[in-house]
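The following note sets out several points for a colleague to consider alongside the coordinates. Please read it with the structure open.

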Amino acid sequence: MSTSLLLFLVFVAITLVITYFAARRTKTTAEFYSAGRSITGFQNGWAIAGDYMSAASFLGISGLIAFFGYDGFMYSVGWLVAYLTVLLLVAEPLRNTGKYTMADVLAFRLHNKTVRGVAAISTLAVSLFYMIAQMVGAGSLVSLLIPQFSFNTAIVLVGALMVVYVIFGGMLATTWVQIIKAVLLMTGTILLSLLVLAHFNFSIGAFFDAIANVKGTIKDAAGTVVATKDFTQPGLLYNGKWGALGLISLGVALIFGTAGLPHILVRFYTVPTAKAARTSVVWAMILIGAFYIMTTFLGFGAATLVGKANIGVHVTGAKAAAFIAEHPDDAAKLNEALTTNGYIVPAPNNNLAAPLLAGKLGGDIFLSFIAAVAFATILAVVAGLTIASSSAFAHDVWVNIVRHGQVSQGDEVQVARIAAGVIGVLAILLAIALKTLNVAFLVGLAFAVAASANVPAILLTLYWKRFNTTGTIVGMLVGLVASLVLIAMSPAVMGVDAPTVVVRHLIQAKAIFPLDNPAIVSVPLGFLAAIVAALLTSDPEAEGSFHELTVRANTGLGAEA
Amino acid sequence: MATNISTPAPPQGSEPNWTAIERSADFKALVSAKMRFIIPATIVFVCYYFALPILVGYAPDLMQHKVIGSINLAYLFALSEFAMAWIVMGLYVRRARDFDVQEKHVLDEVKSGALR
């Protein structure tokens with residue numbers, strides 16, 4: 001048995017024991033959705049860090065920096081600064097006014113079912129997009145790191161585990177899985193950073209000299225090299241006519257989107273008070289900031305010590321290698337092989353930068369440890385997404401819309417458990433169906449929808465007296481549709497791939513909208529639509545309920561305990 | 001349970017008088033103290049944050065100017081964003097202790113029955 005597999009099994013065993021004990025304390029709705037509000041601010045800070053630092057950030061960022069240098073680090077910056085929006089504007093009032101879901105806050109002022117429905121749809125959309133991206137990533141990654149698992153096995157395993165955590169252990173088990181993952185991830189990242197620094201005799205100067213020696217090229221549409229830059233210089237990822245705007249649009253999505261991610265927002269219901277919610281953001285910001293600063297060592301370390309060429313194409317399995325040698329440019333045959341063998345990843349996989357760096361500096365045992373951390377990372381995030389989306393279905397759609405609130409606590413928890421199972425199966429099937437598509441855009445889409453649909457509605461509900469039902473519904477729908485349509489027309493979804501490319505663009509045509517991330521257009525549209533729609537309609541009841549909302553939000557009076 | 005649409009409106013008297021609390025001097029002072037911090041802090045952090053992608057995107061030559069050895073302005077500016085985030089966080093936490101005291105005043109007043 002390989003070390004990776006062993007470490008992975010140890011992690012699974014520990015989390016299942018936690019789930020067993022959590023299950024005994026998960027009976028009521030408050031226990032299932034929000035761990036009985038028994039989590040401390042400090043614990044919740046670790047759990048938020050565990051919920052937030054996904055495979056996309058741990059492996060994706062390291063990979064982006066390893067492939068494109070400085071531009072990759074721009075993501076790291078945005079992912080921390082985003083928490084200021086959460087800290088200053090959202091966390092405490094949300095804890096004071098909501099109960100279990102994001103929709104609780106949005107539907108607060110008019111108890112309107114349409115508002116709740118739209119908010120639930122948005123929650124489900126954001127969570128599912130995010131989950132599928134994580135699962136497809138998990139499939140290719142885990143099958144490479146733990147060779148005993150094929151692509152499909154890895155996805156089924158990840159899906160089954162997340163469903164078990166949520167169904168049996170609810171929010172309590174999810175929280176502890178996230179805390180353990182955050183501890184593992186921080187440990188692994190600190191060790192890896194120290195190894196990189198040790199390699200340069202702890203001289204930051206020497207490290208940056210080495211980075212400046214790594215070169216990358218910028219090519220035009222025809223593939224001609226137009227510029228060469230070193231890895232400390234910006235521009236290797238975001239360049240050309242739309243480069244600067246692309247960078248700014250990404251920034252908009254990151255710093256506004258985080259405050260609208262339902263799986264992050266529901267974490268604030270797990271603590272007893274708004275003050276504890278504040279403490280949780282503080283701990284989360286300390287951990288998340290420290291982590292993203294260390295991506296400097298992970299990403300640039302991989303760029304200097306492993307090298308882009310060695311992170312590129314990875315094919316495992318003797319059969320797969322032989323097959324590719326025989327049919328180097330037959331995409332259809334490659335797809336077929338991917339389905340039957342499951343573990344061919346012929347496209348460059350920059351997710352492997354961090355694990356390969358670990359192997360290079362710390363040997364096979366350390367590589368195995370980082371591989372297990374990667375698996376833990378994915379599991380903790382998908383479990384958080386599963387509980388957020390099953391809560392939205394059970395609490396918002398089923399209980400409050402379909403059954404008009406006439407459901408016993410026991411039945412509500414039962415419905416949430418069934419929803420978690422259905423969402424899990426759905427995510428597994430979608431991830432397997434979409435495995436040959438480039439799904440990286442789904443993470444961007446999740447952030448764009450969160451920033452354009454959820455955040456305007458949340459902020460205006462909490463802070464603007466004149467805001468009302470029409471504003472919420474129109475704003476959310478416009479933000480949602482604008483994000484979806486613009487992403488569908490963007491280079492993230494549209495592109496013409498050479499016939500040999502296996503992981504393909506969804507739409508094989510030239511992109512209509514120039515930016516990968518639509519936030520710079522869709523976020524202002526979401527705000528504008530919400531404000532204009534609210535101003536065009538008069539809603540005295542919604543204005544009246546602002547008194548109650550603002551008193552609750554600012555004092556915690558009558559908050560769910 | 002305001003969020004549960006099935007709950008019938010509680011009888012007058014058991015529910016706090018939200019309007020009276022909102023109009024009380026202590027509550028107004030709490031909200032305006034919060035806004036006096038939160039609004040400028042938000043403007044500062046958003047402007048400081050976007051200065052980075054704007055400068056990196058539109059003035060790459062300035063940003064790739066090497067400052068210490070091979071470390072350039074772009075990287076130092078990016079690092080300063082982390083410092084900025086933690087400083088704004090620290091300032092907020094410090095100010096929020098005052099908000100907590102003011103919040104307690106409001107809640108004491110509600111408990112004493114002065115805001116019926």
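How many residues does the contact take from chain A and from chain B?

1. The model under discussion is predicted. In it, 49 residues of chain A and 50 residues of chain B take part in the contact. On the side of chain A that touches chain B, at least two residues each are supplied by helix 5, helix 9 (204-212), helix 10, helix 12 (274-306) and helix 21 of chain A. Helix 5 of chain A gives the largest share, 10 residues. Sorted by class, this side of chain A holds 25 nonpolar, 18 polar and six charged residues.

2. On the chain B side, helix 2 deserves attention. Helix 2 of chain B covers residues 25-58, and its 34 residues should span 50 Å at 1.5 Å a residue; the C-alpha atoms at its ends lie 48 Å apart, which agrees. Its buried residues are D26(B), F27(B), L30(B), K34(B), F45(B), Y49(B), L52(B), P53(B), V56(B) and G57(B).

3. Both chains contribute to the cover over these buried residues of helix 2 of chain B. From chain A, the cover includes helix 5 (70-97), helix 10 (243-257) and helix 21 (540-555). From chain B, it includes helix 1 (18-23), helix 3 (60-63) and helix 4 (73-111).

4. Two of the chain A helices named above also meet one another. The axes of helix 5 and helix 21 of chain A come within 7 Å and cross at roughly 115°, and the crossing is right-handed. Helix 5 of chain A brings P93(A), N96(A) and T97(A) to this contact, while helix 21 of chain A brings L549(A), R552(A) and A553(A). By class, the residues of the contact are three nonpolar, two polar and one charged.

5. A35(A) is not a glycine, yet its phi is positive, at about 50°. This residue sits in the loop between helix 2 (29-34) and helix 3 (41-52) of chain A. A35(A) counts as buried because it has 28 C-beta neighbours inside 10 Å, where 20 or more are required.

6. N201(A), likewise a residue other than glycine, has a positive phi near 50°. It belongs to the loop between helix 8 (151-199) and helix 9 of chain A. Is N201(A) buried or exposed? N201(A) is exposed, since 8 other C-beta atoms lie within 10 Å, and the limit for an exposed residue is 12 or fewer.

Terms used: Residues are numbered from 1 along each chain as its sequence is written. Chains are lettered from A and ligands numbered from 1 in the order in which they are written. This is a predicted model: local features need pLDDT of at least 70, side-chain atom pairs count only at pLDDT 80 or more; totals for chains, interfaces and linings use all residues. Helices (H or I, at least four residues) and strands (E, at least two) are DSSP runs, numbered from the N terminus. The expected span of a helix is 1.5 Å times one less than its number of residues. Two residues are in contact if their C-beta atoms, placed from the backbone, lie within 7 Å. Ala, Val, Leu, Ile, Met, Phe, Trp, Tyr, Cys and Pro count as nonpolar, Asp, Glu, Lys and Arg as charged, and the others, Gly among them, as polar. Axes are lines fitted to C-alpha atoms, for helices over the stretch in contact, and angles run from 0 to 180 degrees between N-to-C directions. A crossing is left-handed if the near helix is turned anticlockwise from the far one by less than a right angle, and right-handed if clockwise.
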